[in-house]
Amino acid sequence: MNKVEKIIQLLGRLLDRTTRLTWLLAGALIVLMAFVVGYGVFTRYVLRNPDPYTYEITCILMLACVVFSLAHTQRLGRHLRIDLMDRYFSESVRGVLLNIVGPIVGLIFCGAITWETWKDARHALQNWQVTRGTLIIPTLPIQITVTIGAGLLCLVLIAQMLRYIASLRDKGTTMKE
């Protein structure tokens with residue numbers, strides 16, 4: 001194994017650990033969201049005094065939960081997939097569609113989201129933007145969360161394409177031998 005392959009494996013393990021950490025963080029946010037919603041239900045129906053912040057906190061936690069779980073879900077291949085076309089294409093064409101074409105489309109989309117949310121986050125930092133709801137909080141952490149999640153998904157999509165290309169190369173070398 002040469003030095004480049006060792007670096008690629010190290011980066012792959014680092015990406016695995018990072019996405020798994022964000023995935024676990026998303027799970028913890030679901031638990032936190034359950035407590036926030038439970039508190040909101042309790043104050044509304046038992047105390048008859050609804051908390052005005054419960055809805056906004058739940059929305060923020062839901063956004064963070066989704067954004068943090070996307071990269072690891074893609075990494076595991078556990079995302080929803082329409083397999084209607086699987087019977088019409090050969091295995092090699094399906095592999096290219098799932099591991100090259102799909103990630104390229106996703107990379108374009110997630111790259112645009114990463115870039116735009118990064119620009120918005122920079123703008124929010126420069127202008128000290130805050131939310132306009134009942135709960136006044138800075139928008140920078142929310143925007144950075146989306147930037148980090150979409151950026152991680154971009155890295156996972158790139159790694160997926162590289163792994164597939166490397167697997168094709170490995171198949172080609174074993175066939176020649």
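Arg48 is exposed, with a relative accessible area of 63%; here exposed means over 50% relative accessible area, buried under 20%, and partly exposed in between, with a 1.4 Å probe and protein chains only. The residue lies in the loop between α1 (3-46) and α2, and its phi is positive, about 55 degrees, although Arg48 is not a glycine. Trp128 also has a positive phi, of about 50 degrees, and is not a glycine. It is found in the loop between α3 and α4 and counts as exposed at 69% relative accessibility. The model is a predicted one, in which local features need pLDDT of at least 70 and side-chain atom pairs count only at pLDDT 80 or more, while totals for chains, interfaces and linings use all residues. Residues are numbered from 1 along each chain as its sequence is written, and side-chain values use heavy atoms, with hydrogens and water left out.

The secondary structure of the chain consists of four helices and zero strands, where helices (H or I, at least four residues) and strands (E, at least two) are DSSP runs numbered from the N terminus. Along the sequence the pattern is α-α-α-α. The C-alpha atoms fill a box of roughly 75 × 40 × 30 Å along the principal axes. The radius of gyration of the chain is 21 Å, whereas a compact globule of 177 residues would have a value near 16 Å; the radius is taken over C-alpha atoms, and the globule rule is 2.2 Å times the number of residues to the power 0.38. Of the 177 residues, 30% are buried. The chain exposes about 12,600 Å², of which carbon and sulfur atoms supply 69%; accessible areas come from the Shrake-Rupley method with a 1.4 Å probe, and for residues only the protein chains shown count as cover. Among contacts with a separation of 6 or more, 72% are between residues 24 or more positions apart, a contact being heavy atoms within 4.5 Å.

Two salt bridges are present in the structure, each defined as a side-chain nitrogen of Lys or Arg within 4 Å of a carboxyl oxygen of Asp or Glu. In one of them, the side chains of Arg75 and Asp16 meet at 2.2 Å, N to O. This pair links distant parts of the chain, with Arg75 in helix α2 and Asp16 in helix α1, 59 residues apart. Arg75 counts as buried at 15% relative accessibility, whereas Asp16 is partly exposed, with a relative accessible area of 33%. A salt bridge also joins the side chains of Lys119 and Glu116 (3.3 Å, N to O). Lys119 and Glu116 are separated by about one helical turn because they are three residues apart in helix α3. Both are partly exposed, Lys119 with a relative accessible area of 33% and Glu116 at 39% relative accessibility.

Polar contacts (a pair of N or O atoms within 3.5 Å; within protein, one must be able to donate a hydrogen and the other to accept it, and residues adjacent in sequence count only if both atoms are side-chain atoms) were examined around Gln160. Gln160 lies in helix α4 and is buried, with a relative accessible area of 10%. Its side chain makes a polar contact of 3.1 Å with the side chain of Asn99, a residue of helix α3 (residues 91-127). A polar atom of the Gln160 side chain also lies 3.1 Å from the backbone oxygen of Leu98. Neighbours within four places in sequence aside, Gln160 is in contact with Gln74, Leu98, Asn99 and Pro103, and Asn99 with Gln160, Met161 and Tyr164.

Thr145 is likewise in helix α4 (residues 140-176) and is buried, with a relative accessible area of 15%. Apart from neighbours within four places in sequence, Thr145 is in contact with Ala64, Val67 and Phe68.

A nonpolar surface patch is formed by Leu84, Met85, Tyr88, Phe89, Val93, Val96, Leu97, Leu98, Val101 and Val105, with about 840 Å² of accessible area together. Patches are made of residues with over 30% relative accessible area and no salt bridge, like charges being joined within 9 Å and nonpolar side chains (Val, Leu, Ile, Met, Phe, Trp, Tyr) within 5 Å. Leu84 is placed in the loop between α2 (54-76) and α3 and is partly exposed, with a relative accessible area of 49%.
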